[in-house]
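Dear colleague,

Please find the structure below. My notes on it follow.

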Amino acid sequence: MKTFKYTLAIFISMVLLLPMFLRDVDASPDNNWETFELEILAKTSEFAWRKDNILHLKLLDGSAIQLTDVPYDSKGKNTGYVIHRLVRYIEQSEYFVIGISHRAGSNSVLIDRKSGQRVELDGIAVFSPDKTRFFTIDFFTTGFIRHPNSKHRMQIWKISPSGPTLEWEFQPSFSVWFDVDATWTSDTNIFVARLEHWTYNDGEKTRVRRVRRESDLMPTQRGWLIQDRLPRFPDPPSI
C-alpha cells in the first residue's frame, strides 16, 4: 500500500510539472527567434540580411557587421554551437536586438546602428512605448529550480545620448521566480506577474510555499519601486 501511494505521488508530481517542462521546450529561443527574424528581415532587407550561416547588419556609415552562426554538426553535437537571430529592430533609436542561443543557454546583444556599439544583455530588450527605456528578464528555470546559467534577475535600462545605461536591477533574495510575464503599461510603468517558489525552515522542518503575485514597477526619486497588487495568494512566508 505504501509503495502504491509513493508511486501515485510521483505520478501526480510528474503530471503537474510536465506543462512547465513543455513550456521551457516550446519557448526555447531557437524555436521562436527564427520566425521573428524572417518577419523582420522582410522589412529591413536594405540593411539586414542573412546568407547561409551569416547575419549581415549594415550600419549607417556604410560599414557592416557579420555575425556567424556555428550550428550543431550531423551528430547533433558541437562545443562551439552559437546561433544569432535578429529578433527586433527599433527604428526610432536605430537599434538591432540580437538573440543569441548557445550551449550554456541564451542571452542577447543590442547593436547601435549609428555607431556599432554593442551592449551585452541578459535577455531580449523589451522597449517602452516611447522607446526611451527597455527592460530585460532572465528567470530561466527547470521545473521549480533556478537554472545554474540564469542570473535570475530583471534589469531596466535607459537610453542616453552615449548609449544604454543600467538604471535599475532586481534579483530575488529568498525566492525563485518562474512563469514570469512582464509588459509595459505606459512609458514609465511595468506590470510583472510571476509565481514565486519559497523554501524555508519554520523551526520544525523545511517547507515549500508557492505564491502567485502581480506587481507594478514605477520610477520614484529613490529609484524604481516594486508595488504588489493585492490580494496575494497566499501571502509569502515571514523569513
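What is the order of the open sheet of three strands, and is its pairing parallel or antiparallel? The order is 1-2-3, and the pairing is antiparallel. Strand 1 (48-51) and strand 3 (64-68) stand at the edges with a single partner strand each, so one side of each has no neighbour in the sheet. On average, neighbouring strands of this sheet are turned by 20 degrees against each other, direction ignored; the axes are lines fitted to C-alpha atoms.

This is a predicted model, in which local features need pLDDT of at least 70 and side-chain atom pairs count only at pLDDT 80 or more, while totals for chains, interfaces and linings use all residues. Residues are numbered from 1 along each chain as its sequence is written, and side-chain values use heavy atoms, with hydrogens and water left out.

Strands are DSSP runs (E, at least two residues) numbered from the N terminus, and two of them pair if DSSP finds at least two bridges between them. Strand 1 and strand 2 (residues 54-58) run antiparallel and are joined by four bridges. Lys51 stands opposite Ile54 in strand 2.

Two residues other than glycine have a positive phi. Lys131, with phi near 65 degrees, lies in the loop between strand 8 (126-127) and strand 9 (133-138). His152, with phi of about 50 degrees, is placed in the loop between strand 11 (145-146) and strand 12 (153-160). Lys131 is partly exposed, at a relative accessible area of 27%, whereas His152 is buried, at 1%. Buried means under 20% relative accessible area, exposed over 50%, and partly exposed in between (1.4 Å probe, protein chains only).

Yours sincerely

Key
Axes fitted to C-alpha atoms, helices over the stretch in contact; angles between N-to-C directions.
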